[in-house]
Amino acid sequence: MNPVVGLDVAKGESQVQAFLDKGKPYRKSFSIQHNLEGLKRFLDFLQEIEKSAGGYQPSVVLESTGHYHTPVVQFLEEQNYVYIVINPLISHRAKSSSLRKVKTDAIDAYHLCELYYKEELEPYKKRGIQLLNLRNLTRQQESIAEMAAKTKLQLHSLIDQVFPEFRGVFGSLYSKVSLLTLLAFPTSESVLSVDEKELTEKISSLCNSRSEKWANERAQKLREAALRNPFQHNQYQSHIFNLEMLINIVLQYQEHLSKLANEIDSIAKEIEEYKILQSIPGIGEKIAATIISEIGEIDRFDAAKKLVAFAGVDPSVYSSGKFTASINRITKRGSSRLRHALYMAIQSGIRDARKKKTTDEIIPRNKRLREFYDKKREEGKPFRVAIIACVNKLLHWIYALLKNRTTFQDIA
């Protein structure tokens with residue numbers, strides 16, 4: 001006997017279908033809720049299957065459904081049941097092979113059981129709690145960073161309508177001291193209503209790490225900017241209200257991102273792979289944390305090409321009869337966050353870092369990667385093709401480093 005249970009997972013519930021063996025469905029399908037009562041009912045059913053199958057414990061097959069399948073997966077882990085999480089593309093392909101066009105949750109659960117006997121599906125290799133925590137934090141960091149970037153664009157647009165000359169007062173418009181100063185003096189009228197001494201004292205109190213001389217220079221620049229500002233008299237109080245609100249939102253985002261960065265760093269420092277990846281020139285703390293959190297345990301992949309496929313940078317292939325496509329784009333079927341992190345690592349690695357003081361020689365951050373990139377460009381490869389080739393090369397390096405538990409310098 002080789003029993004299996006197929007779960008078609010939806011929001012808050014799942015449809016259950018069981019087979020005792022190939023071609024031997026067990027009972028009709030039924031649904032369970034993702035709560036304690038529903039999961040207890042599911043456990044009773046699993047035990048019933050095991051008894052009917054002569055003591056063989058059933059495997060559970062389900063599709064990856066974002067976070068909807070999390071309660072079921074955690075329950076199966078606690079009860080020590082083997083489960084298989086499959087890519088929806090695989091199950092969709094299997095369902096499409098049927099001539100009948102029928103789509104119901106019961107049918108989907110039935111097809112998952114049939115797929116178990118047709119394909120060589122491997123048990124799900126779960127990630128450690130540390131890596132899952134790291135993945136949750138890096139994804140939250142990315143999400144908040146995107147929202148912060150959109151808010152900064154809105155703020156930038158509003159400053160253009162209230163105080164455009166303010167942008168040259170501080171080195172960074174979005175530094176904390178810059179935003180707090182703008183919050184205190186959002187218009188030319190508010191700046192010119194106080195003297196230079198009061199401006200200096202206010203700026204100095206907002207940035208204790210700087211000297212009073214620096215604060216005085218900023219105060220002078222602020223007054224000069226107020227005098228040049230085309231909007232000497234603000235006509236729209238709504239602009240000031242929105243400006244203050246957006247400044248506070250940006251400051252909150254910056255505080256949250258700072259807390260996330262500290263939490264990510266404290267968790268990542270306990271993971272050996274974090275230091276290994278940072279040994280590759282061009283990969284810093286943020287990129288290293290994202291890469292290892294998205295990859296998980298390297299033992300989940302038994303070959304470098306599977307890691308490349310997981311990242312979605314393997315080339316698609318199309319060939320039919322005597323025709324073979326000459327232009328093959330990457331599949332993009334893997335982790336988009338991993339692809340983005342790898343792209344940023346390549347951009348940083350091939351960039352020129354500095355010049356030696358004694359010569360005019362340009363020193364790239366990652367010499368080996370830059371040589372590989374230049375070689376591809378000399379072969380006539382377009383920029384994007386050369387970059388993807390570098391991503392593949394980097395993934396092979398990452399696979400070798402993590403498998404052998406060694407640093408980049410040791411293989412260079």
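**Chat about the predicted model**

Reader: Quick one to start: is Cys 207 buried or exposed?
Author: Cys 207 is buried, because its relative accessibility is 14% and the cut-off for buried is under 20%. Keep in mind that this is a predicted model.

Reader: OK, and what about Cys 113?
Author: Cys 113 is buried too, with a relative accessibility of 0%.

Reader: How many disulfides turn up in the whole structure?
Author: Zero, and that search covers the whole structure.

Reader: Let me zoom out. How many helices and strands does the protein have?
Author: You'll find 17 helices and nine strands.

Reader: And what share of the residues is buried?
Author: There are 412 residues in the protein, and 41% of them are buried.

Reader: What about contacts, which share joins residues at least 24 apart?
Author: If you take contacts between residues at least 6 apart in sequence, 61% of them join residues at least 24 apart.

Reader: Rings next. How many aromatic pairs does the structure hold?
Author: It holds 11 aromatic pairs. One of them is Phe 170 with Trp 214, a tilted pair with 6.1 Å from centre to centre and 55° between the planes.

Reader: Where do Phe 170 and Trp 214 lie?
Author: Phe 170 is in the loop between α5 (129-162) and α6 (176-184), while Trp 214 belongs to helix α9 (residues 212-228), so this pair ties together parts that are 44 residues apart in sequence.

Reader: Are those two, Phe 170 and Trp 214, buried or exposed?
Author: Both Phe 170 and Trp 214 are buried.

Reader: Which residues do ring pairs link into a cluster?
Author: Phe 19, Tyr 110, Tyr 116 and Tyr 117 are linked that way.

Reader: And what lies over the face of Phe 310?
Author: That's Arg 300, at 5.4 Å from the centre of the ring.

Reader: Switching to charges: how many salt bridges does the count come to?
Author: The count is 14. As background, side chains of opposite charge can pair when their charged atoms come close.

Reader: Give me an example. Which side chain does Glu 273 meet in a salt bridge?
Author: Glu 273 meets Arg 405, with 3.4 Å from N to O. Glu 273 is in helix α11 (residues 272-278) and Arg 405 is in the loop between α16 (383-404) and α17 (408-411), so the pair ties together parts that are 132 residues apart in sequence.

Reader: How accessible are Glu 273 and Arg 405?
Author: Glu 273 is buried at 14% relative accessible area, whereas Arg 405 is partly exposed at 39%.

Reader: One more bridge: what does Asp 265 meet?
Author: Asp 265 meets Lys 269, at 3.1 Å from N to O. Asp 265 is buried, at 19% relative accessible area, but Lys 269 is exposed, at 51%.

Reader: And which partner does Glu 379 have?
Author: Glu 379 pairs with Lys 376 in a salt bridge, at 3.8 Å from N to O. Lys 376 counts as buried at 19% relative accessibility, and Glu 379 is partly exposed at 43%.

Methods
Residues numbered from 1 in each chain as written. Predicted model: local features only at pLDDT ≥ 70, side-chain atom pairs only at ≥ 80, totals over all residues. Heavy atoms only, no water. Disulfide = S-S within 2.5 Å. Buried < 20%, exposed > 50% of the residue type's maximum accessible area, 1.4 Å probe, protein only. Helix = DSSP H or I, 4+ residues; strand = E, 2+ residues; numbered from the N terminus. Contact = heavy atoms within 4.5 Å. Phe/Tyr/Trp six-rings, centres within 6.5 Å; stacked < 30°, edge-to-face > 60°. Lys NZ or Arg CZ within 6 Å of the ring centre and 35° of its normal. Salt bridge = Lys/Arg side-chain N within 4 Å of Asp/Glu carboxyl O.
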